[in-house]
Amino acid sequence: MMVSKYISLESSECQQTLTIARPTGGFSLSGCIHIPGDKSISHRALMLGALATGETIVKGLLLGEDPRSTASCFQAMGADISDLNTEEVRIRGIGLGQLVEPVDVLNAGNSGTTLRLMLGILASHSGRFFTVTGDSSLRSRPMSRVVKPLQQMGAEIWGRKGASLAPLAIQGQALKPIHYHSPIASAQVKSCILLAGLLTDGATTVTEPALSRDHSERMLKAFGANVQVDPETCSATVIGPTRLIGQMVVVPGDISSAAFWLVAGAIVPGSDLTVENVGINPTRTGILEVLERMGANITLENQREVAGEPVADLRVRGDASLKACTIAGDIIPRLIDEIPILAVAAAFAEGTTIIQDAAELRVKESDRIAVMAKQLNQMGAQVTELPDGMEITGGLPLMGAEVDSYTDHRIAMSLAIAALNATGTTTMHRAEAAAISYPEFFSTLENICNH
């Protein structure tokens, strides 16, 4: 239980309720924030470390529930992974192609990244049988986007609704390489196919309609795989068969987690926040470009490179009025996870913000388009759902209200930030969802609030 005069978090029967009572004079936010390790990189470090020969050391791992699901799955298949912590995790890999057939069902929990990327690995381990599942949310999310290309490679996968929904059963096979033209720009789809290609004989290529995040390509190269990237055609190729060698991986802070504080600092007048050690991989910085277009005062300080990934400290000051903009097209894959919090920024921006080409949001941990529209409207915003996005008329005063996270971590954190600038008291149910990717989110929120 966390209780202060203005922010409280109460637990009962496995659920948490967050209450934010905005003081009459409002909050002002200040301080330095150290955010959790990047979730995408944490997943990949655990997976590649488990598949590599030798020892992999991971520093700065995210301790959220999703990476724990990844670790437990690969431990069940023979990898030796030390207790997870942020300081140093040691992984003794079992070697590519050497995964042990698990004696029980592999459970990916709430993690779509775990399940989708793992499918490519499992499908290519011939002579072994695997069964994978997840929680109720994950079991409702579409898997056909990775199953269909894997089947083109010769994979044998069975499951509900034509192998489009978990639980899924996989009989590992010797796969053949393909050149897959993905209809969507998705790092999960691309990564799944490239991982399947590690054990195939020849070149496996994925071409996307736009460039998605490239953490897999960067890390596969670092672990010794033969990976070729062509940014002009949005293509990535892996030449197999290959072997992976254990590495030292330093995980930068997750820009998706930093996004909440960047928007908070931009919408709460008088704020001055510095978010330290944030990964600014160019395939992930759409959030920075959009906030700059909206007029937010954000500066990049102490830019450097850590383990092949660009990193900076991000300072945001709440001394500028935000203005509406259009968010659509090729930038969407570079900020897809940040759209819920960008919707909050849009609610406080003058004018009408249009978000389009983001239909992917409807099949995330929740239907993020429908949920954000409903919850922000309950707070007094004017949000209209579009089939592939939202239309948000900003500048209307938000009022405290009863809202719900729908057990979606990004919804939970986005609504908490909106509540900071909403008059009165906001009560959010199922706030515990934030721990999926950011276990310390609410304690950090309380620490930076000055009132």
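Visitor: How do the residues of the lining of the second largest pocket divide into nonpolar, polar and charged?

Guide: They divide into eleven nonpolar, seven polar and two charged residues. Here Ala, Val, Leu, Ile, Met, Phe, Trp, Tyr, Cys and Pro count as nonpolar, Asp, Glu, Lys and Arg as charged, and the others, Gly among them, as polar. Please note that this is a predicted model, in which local features need pLDDT of at least 70, side-chain atom pairs count only at pLDDT 80 or more, and totals for chains, interfaces and linings use all residues. Residues are numbered from 1 along each chain as its sequence is written, and side-chain values use heavy atoms, with hydrogens and water left out.

Visitor: What is the volume of the second largest pocket, and which residues are the closest to its centre?

Guide: Rolling a probe the size of a water molecule over the atoms shows where empty space is left. On a 1 Å grid over the protein atoms alone, a pocket is an open set of points with protein on both sides within 12 Å along at least five of seven lines, whereas a cavity is a set where a 1.4 Å probe fits but cannot get out; lining residues have an atom within 4 Å of a point. Grid points are joined across faces, edges and corners, and a volume is the space filled by probe spheres set on the points. The second largest pocket has a volume of about 330 Å³. Its lining has 20 residues, with H34, I35, P36, G37 and T86 the closest to its centre.

Visitor: How many residues line the largest pocket, and which helix gives the largest share?

Guide: The largest pocket holds about 670 Å³ of space. Its lining comprises 39 residues, and A185, S186, I336, E360 and K364 lie nearest the centre. By class, eleven are nonpolar, twelve polar and 16 charged. Helices (H or I, at least four residues) and strands (E, at least two) are DSSP runs, numbered from the N terminus. At least two lining residues come from each of α1 (39–51), α3 (112–123), α6 (187–197) and α12 (409–420). The largest share, four residues, belongs to α1.

Visitor: Which residues line the largest cavity?

Guide: There are three cavities of 30 Å³ or more, and the largest contains about 50 Å³ of space. R44, M47, L48, L117, L195, S216 and L220 line the largest cavity. Five of these are nonpolar, one is polar and one is charged.

Visitor: At what angle do the axes of α6 and α7 cross?

Guide: Two packed helices are described by the angle between their axes and the distance between the axes. Axes are lines fitted to C-alpha atoms, for helices over the stretch in contact, and angles run from 0 to 180 degrees between N-to-C directions. The axes of α6 and α7 (residues 215–222) cross at roughly 25° and come within 9 Å. α6 is therefore roughly parallel to α7, a description used for angles under 35 degrees. In this contact (heavy atoms within 4.5 Å), K190, S191, L194 and L195 of α6 meet S216, E217 and L220 of α7.

Visitor: In what order do the strands of the open sheet with β6 and β16 stand?

Guide: Strands of a sheet pair through backbone hydrogen bonds, either parallel or antiparallel. Two strands pair if DSSP finds at least two bridges between them. This open sheet of four strands has the order β6-β7-β5-β16, with mixed pairing. β6 (80–81) and β16 (248–250) are at the edges, each with a single partner strand, so one side of each lacks a neighbour in the sheet. β6 and β7 (residues 89–92) run antiparallel and are joined by two bridges, with I81 the bridge partner of I91. Four bridges join β5 to β7, also antiparallel, and T56 stands opposite I91. β5 and β16 run parallel, with three bridges, and K59 stands opposite V250. α1 lies across β5 (55–59), β6, β7 and β16, at about 35° to β7.

Visitor: How many residues lie between β2 and β3 in their hairpin?

Guide: Two residues lie between them, and E13 in the turn has a positive phi of about 50°. Strands β2 (residues 7–12) and β3 (residues 15–21) run antiparallel with six bridges, and S12 stands opposite Q15.

Note on methods: Parallel < 35°, antiparallel > 145°, perpendicular 65-115°, else oblique.
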